[in-house]
Amino acid sequence: MKSWNDLQYAKQRILSHRQIANGAYILSFKRNFGFKAGQVIGLGINKEIAPRLYSIASAEKADMVDILYAEKSGGELSPALPLFREGDEILVSEPFGTFTQYSDDAVYVAAGTGIAPFMSRILSEKGNTPTLIHGVSYPEYFYYSDFLTEKLGRNYIQCCSRCPNDDYFQGRVTSFLKQWKNLDTTKKYYLCGSAEMVVDTRDVLISHGVPFANINAEIYF
Amino acid sequence: MIKPPLFGLTLLQLTELVLAEDLPKFTAKQIADWLYKKDIESIDQMTNLSLDARRKLSDKYRIGLVKPKKVAASADGTKKYLFTTESLKFVEAAYIPDADRATLCVSSQVGCKMGCLFCMTGKQGFQGNLSAGEIVNQLRSIPEWQGITNIVYMGMGEPFDNLDNVLASLEILTSDWGMAMSPRRITVSTIGVKPAMITFLEHSQCHLAVSLHTPFDDERRALMPIQNVYPIQEVVDEIRNYDFSGQRRVSFEYIMFDGVNDTPRHVKELTRLLSNLNCRVNLIRFHPIPDSPLRGSSDDKILAFRDALTSKGIFTTIRASRGEDIQAACGLLSTKELLNQKK
């Protein structure tokens, strides 16, 4: 879907590439551009292969840019990306996108690696006292959970659809939202995940009385 | 294992195929003739191919045409065809006859990943891309195919999220070796996937339609998440780099939502956004979908909106609503079938 034909891009040397869970990685390189929390960049191997877009997960002023991604079997880039090592070069586009709004008391709802733009906002101190609802399939995918537990306390809500214990809400974020007694229809809701997750979550919020104008979503395209 | 289909291959792909089978290169053109200009159902009917060629092809390939699984006919002549894809999913095509034309609205994907608030297809999630053959099949496999004058890529899916297959399908539809339609009879609609739109504008002469729906950034973001990635202002700015003063057209689709995007404020901002651009705005009545917070604007409001835009010098039309008695909103029929399949 994407091509490089209207993107400015540059080669970046990978400074760190860590596997943090089964099939999930954080790739880092030096930050030599400015960006707004919530923006995306295109990553690619070369100009012949279309870039894939990833949300930046690190803080606006951090020295390194972190990209949180999940390994995928399809496409040309996704299967190749985990093979890259520290010191390898990768094509990186300029940051773009406008999923950059924030407000105090916002509610972030993320699925899987959809937590990335919200991590960037939280690390960049954008907006006070956000609530983060993170949905995953297994506990190992609660990325950054130690930091988030400390930072957000009770405002960090973990939903796990296939967890065998009661440490988390058992079920998807939509199931959580359906029974959430603290759902405040006046707050701003920011969603990030697959199309299905975003559409389902938006439907639940609207059915609970949240005006659609208060819902802003980023979809994995 | 199911043999791969020939239908949907471009002349270049057919040429590679026949050369790999040690058949003469001209056989590719002959096959394309049979596939895209004639009415056959089996490789054996390609009677100007040698017996050896037909046997070789039949051993490895099938024609690959798929007849519609269902059809819903409206009192106004509109028909909705439901097709089963190779992956056993469902897509829709709408046949819309008119006095002097017959338009076919085709799908490019099963489901969609764009998540627009007003769209039924988006509620299915994304299930896959259609191949070029599956796109062209929606034309070739309906009884009215030889009378179709216009094609619009406005069915299920975002065409520019499946650009390679959409471009291949356009090549088949418009090439002399294919179905030889004029590109001026084909419109591809996008929500504004800018990089793919640029590629399309540089590789195809077909018309472009852009789903606009509101000129305001925050409002469009709530209606269409793509606004977070490719804001409409940037999309329009890009379109200004291309020439639409000749036969090629760009239009902007604008579904009218009551109290949301139908005010004088919207007229003013639309006028600013589209100023000095050779384009048309096409106002569309909203076909309600279940549980939607959106309601369609009244006919009076739509007429007033058209008149206001026209008075500002923007060529504005109102699309006639068709097929309202057969679940006209795109995605309703296939969603119903999908739910039946899951039972």
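Q: How do the axes of helix α6 and helix α8 of chain B cross, and at what angle?
A: In this predicted model, the axes of α6(B), residues 194-203, and α8(B), residues 232-239, come within 11 Å and cross at roughly 15°. That makes α6(B) roughly parallel to α8(B), since angles under 35 degrees count as roughly parallel.

Q: And is the crossing of α6(B) and α8(B) left-handed or right-handed?
A: The crossing is right-handed.

Q: Which residues in α6(B) meet which in α8(B)?
A: On the α6(B) side there are Lys194(B), Met197(B) and Ile198(B). They meet Glu234(B), Val235(B), Glu238(B) and Ile239(B) in α8(B).

Q: How many residues of that contact are nonpolar, polar or charged?
A: The contact of α6(B) with α8(B) has 4 nonpolar residues and 3 charged ones, with no polar residues.

Q: Okay, switching to helix α1 of chain B. Which residues there are buried?
A: Helix α1(B) covers residues 11-20, and Leu14(B), Thr15(B), Leu17(B) and Val18(B) are buried in it.

Q: Why do they line one face of the helix?
A: Looking down the axis of α1(B), the buried residues fall within an arc of 165°, so they line one face. In general, an α-helix has 3.6 residues a turn, so residues three or four places apart point the same way.

Q: What covers those buried residues of α1(B)?
A: The cover includes α2 (26-36) and α3 (51-60) of chain B.

Q: Which exposed residues does the face turned away carry?
A: Leu12(B) and Ala20(B) are the exposed residues there.

Q: Last one: what follows α1(B)?
A: Asp22(B) follows α1(B), and the phi of Asp22(B) is positive, near 60°.

How values were computed
Residues are numbered from 1 along each chain as its sequence is written. Chains are lettered from A and ligands numbered from 1 in the order in which they are written. This is a predicted model: local features need pLDDT of at least 70, side-chain atom pairs count only at pLDDT 80 or more; totals for chains, interfaces and linings use all residues. Side-chain values use heavy atoms; hydrogens and water are left out. Buried means under 20% relative accessible area, exposed over 50%, partly exposed in between (1.4 Å probe, protein chains only). Helices (H or I, at least four residues) and strands (E, at least two) are DSSP runs, numbered from the N terminus. The arc is that of the directions from the helix axis to the C-beta atoms. Contact means heavy atoms within 4.5 Å. Axes are lines fitted to C-alpha atoms, for helices over the stretch in contact, and angles run from 0 to 180 degrees between N-to-C directions. Angles under 35 degrees count as roughly parallel, over 145 as roughly antiparallel, 65 to 115 as roughly perpendicular and the rest as oblique. A crossing is left-handed if the near helix is turned anticlockwise from the far one by less than a right angle, and right-handed if clockwise. Ala, Val, Leu, Ile, Met, Phe, Trp, Tyr, Cys and Pro count as nonpolar, Asp, Glu, Lys and Arg as charged, and the others, Gly among them, as polar.
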